[in-house]
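Please keep the sequence and the 3D view side by side while reading.

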Amino acid sequence: MQRKPDKVIIIGLDAPIAPRLYRLCKEGHLPTLNRLFLEQGVWARHCLVPLPTITPSNWAAIATGAWPSTLEITDFNVHVPGDELNKAHQGLFSDDVHAETIYEAIAKVGKKSILLNYPSTWPPKVEDSIVLGGASIALNTWAQNVQLTTIHQLEDEVITWGQAGSLVTYAGPALYSTQLYPGATVIKFYQPGGWGNLSGQGKAVAAQMPLQFRGNLYQMEPVTWHILVQEGKAIVCEKNDVATAITTLAEGQWSPVITKEFRTGKGLRKAVFRMKLVELSPDTERFRLLVTSLAATEGWTHPPSLAAEIKSAEGLPGPGLSWAGHRYGWHGLNTAVEMQYFEDAFFADAAAYLLKNKPWNLFLMHAHSPDHMYHAIADALDNPDPEKRKPYEEAELAIYKSIDDMCAGICAGADDETIIAIISDHGAKPTTGHFGINRILVEGGFLSRNERREVDWSKTKAVGHGSVHIFISVKGRDPHGIVEPGEEYRRVQEEIIKWLYEYNDPESGKKPIVLALKKEDARFIGLYGNWVGDVVYAVGGDFSYQHGPQLPTAQHGIGDLRGVLALTGPNIKKGMVLERTVWIQDLVPTICYLTGWPVPAQAEGAVIYQAMAGPNLK
Ligand SMILES: [Zn+2]
C-alpha cells in the first residue's frame, strides 16, 4: 500500500483574475505555475468563493474549510451582534475565527505548521507552530481592534472608515520631493554650508529631509536626515556630513536593503527599508526620493527569535503598498512593480529558509500583490485601446512573474511526496457603475439622517453594512431599534427586498441588485446566524468596485470574480482542467482526505474526488 503524503504546501494569492492567470501560464510566461498545475496537476475552471467576495472572511473559510457564517467572520469589517448598527470590527485577528483551522486540527496529532503572512493567524494560536505576520494583509502591518464608525457621508456613499485599515509598525512609504505631490514631503535645496567631508569637483546642493512617519503603530521620535546632490547623484546622510552617508543613488537606482535604528515609544528599534531616487533633473529643480515602508526587524514572528534568522538580500518584510504612490504620481508603474517584488522576494527567501531548516508538515501562506495591483490598474487594463492598455498589461505580467519566481523558491522545498496547492480568496474586475447601498436605502425611506449627516436612529429602519448585509434596526436586539420583532420585522424585510429589486440606477438605468434574500433564505448561499444581515444582497459585475458585493460568478470586462484552486502531488491527476464546480472551502477537506490528517471540527467543504487519480482511498 502506498504511503499517504504528509507534507502540504498551500500558496494563497489574493484576488488574481483566474482566466488571465491561466492564460499567462498557458502562454509560457509563468513556467513554475504552468509546470506544477497545468502540466502536472489539476486546475479547477469553476472555483466559487463565498459571498461577500472579500478578503478576511474568505481566507478564514479556506483555513477552516467552513462557510463564513460558521466561522463568524462574514465580511471585511464585521458587525458584531449587539453593537450599534453603524459600527464595525475588522475581522482580521486569530480570535475572530470561531472555527477550528487546519493548523489547529493537525497540531493535535503532532503535525507542525508554518504560517506565512496568512490573515487572521495573529496572535498565534498553536504554540508549537511557526508564524510570520498574520495580523493584517502584509508583514509588519497590524489591523486595528477598534470600533469603526461607518456611514459618514451618505450622499456620495464614500464610506469613510475613520481609523480603518492597518498600521505599519514604524511608517508607511514616503516621498521627498521638490515638487508638490499628494502626501509627499516638500524639500528645498540650498548651498551646502557647514557640511562635513565634502569632496568632488562638481557644484553641490543640499536639503534637509525630515522623515515622515505615516500610518505608524509605534510612536516615532522625529528624525531629520540630509540630502547632498553632487555630480548627478544624491547622497542621503544621517547628518550634514558625507561621512554619515546612508546610501548614494543615481536617478532610477534603488538602494540595497538598509537597516537603521530609530527611537520609538518602545525604545530603540531597528527598521529595514530601501530608497529609490525616482527623479533627479540636472538642475535639481525636479527631485523625487522614495522611501519604502520602515519595517520592524522583529516582533512579527512566533517564536520571536525567528525573525533574526531570516535573511533576504533583496526583499523586505513589509508591505509592498506601492500602488497608492503610483496613483498620486509619486512614481511610475515600474517602481510599483519593483516594490511589490521586494515583498514577494522576502516571502520566497523566508519560505526557502523555513522549509529547509525547520520541521514542517503544512506550509500555508498568502501573498496580497494581485489584489493591490487590480485595485490600482484593473480599469486601465480594461481600456479598449490596446496601446493605452499595453504598459498596464506589462505591469500585470511582471507582478505574476514575480509570483511565479516566488513559487519556484517555495517549491524548491517540496519533494515528490508533497501536495502543492494554489488558491485565492476571490477574483477582481474593473470599476463600473456607481453603487451605494445606503444611498438606495435613504431613497427608499428606510434610512434617515440628520443635518450633520449622522444616522437619525429615531427614523431609521435599516442600515447597509459592509459588502452585502442590511441590518434592520430591531427593538430589543439593537441599541436604537425601532422595528418590532415578528410581523413588522418580516414586513420590513419584504419591503426592502421589493425596493432593492425595483431600484434602477439613475445613471445607467440598469438594476444593480441581482440578488436580495431574507436572512432565513440566505442559508443556501452559506449565510446564516447572528453575524449576517437581516437582508442579504449581491450586485452584478457591472456595478461597484473590484470585488466584495458582487456574486462569485460575476464577470465584467477583463474581470472575473471566480477563485483559483489548483493542486499537484501524489494521487492528483496530471494535466487536467476540472470542469465541475468547486468551492474554496473544499481545499482543506480534500487535503485531509489525501493525507489522512484530522479534519477541522467545523469544516463544511467537500472532498474533490474528481481531482484524484484514485479517489477510493483505503
Ligand atoms: Zn482578498
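Two strands are said to pair if DSSP finds at least two bridges between them. By that rule, in this predicted model, strand β10 (residues 174-177) pairs with strand β19 (residues 287-291): four bridges join them, and they run antiparallel. Within this pair, S177 has R288 of β19 as its bridge partner. Strands of a sheet pair through backbone hydrogen bonds, either parallel or antiparallel.

These strands belong to a protein with 12 helices and 31 strands. The C-alpha trace spans about 85 × 75 × 50 Å along its principal axes. A compact globule of 618 residues would have a radius of gyration near 25 Å, and the protein has 25 Å, which agrees. Of the 618 residues, 53% count as buried. Among contacts with a separation of 6 or more, 66% are between residues 24 or more positions apart.

One sheet to trace is an open one of nine strands, in the order β21-β6-β5-β22-β1-β23-β30-β2-β31, with mixed pairing. At its edges stand β21 (301-302) and β31 (576-583); each has a single partner strand, so one side of each is left without a neighbour in the sheet. Inside the order, strand β23 (residues 418-424) and strand β30 (residues 565-568) pair in the antiparallel sense over four bridges. In that pair, I423 stands opposite L565. Helix α9 lies across β1, β22 and β23, and runs at about 165° to β1.

Another open sheet has four strands in the order β24-β25-β27-β26, and its pairing is antiparallel. The edge strands are β24 (462-465) and β26 (513-518), each of which pairs on one side only. On average, neighbouring strands in this sheet are turned by 20° against each other, direction ignored. Strand β24 is joined to strand β25 (residues 469-472) by four antiparallel bridges, and A462 stands opposite I472 there. Helix α11 (residues 487-502) packs on this sheet, where it touches β24, β25, β26 and β27 (535-539). The direction of α11 makes about 175° with that of β26.

Leaving out residues up to four places away in sequence, F363 touches I9, I10, I114, A351 and L355. In soluble globular proteins, nonpolar side chains tend to be buried together.

Next comes helix α8 (residues 369-381), which bends by about 50° at H375. How enclosed is a helix like this one, and what covers it? Of the 13 residues of α8, 10 are buried, so the helix is largely enclosed by the rest of the structure. The buried residues are S369, P370, D371, H372, M373, Y374, A376, I377, A378 and L381. What covers them includes β1 (7-13), α6 (323-327), α7, β22 (362-367), α9 (386-411) and β29 (559-560).

The buried residues in α1 are A18, R20, L21, Y22, L24 and C25. After α1 comes G28, whose phi is positive, near 90°.

For contrast, take a residue at the surface. T259 lies in strand β16 (residues 258-264). Is T259 buried or exposed? A residue counts as exposed if 12 or fewer other C-beta atoms lie within 10 Å of its own; T259 has 9, so it is exposed. Leaving aside neighbours within four places in sequence, T259 is in contact with K270, V272 and T297. The C-alpha atoms of T259 and L578, 319 residues apart along the chain, are separated by 47 Å.

Conventions. Residues numbered from 1 in each chain as written. Predicted model: local features only at pLDDT ≥ 70, side-chain atom pairs only at ≥ 80, totals over all residues. Contact = placed C-beta atoms within 7 Å. Bend = angle between axes of the 7 residues up to and from the residue. Helix = DSSP H or I, 4+ residues; strand = E, 2+ residues; numbered from the N terminus. Buried ≥ 20, exposed ≤ 12 C-beta atoms within 10 Å, placed from the backbone. Axes fitted to C-alpha atoms, helices over the stretch in contact; angles between N-to-C directions. Rg over C-alpha atoms; globule rule 2.2 N^0.38 Å.
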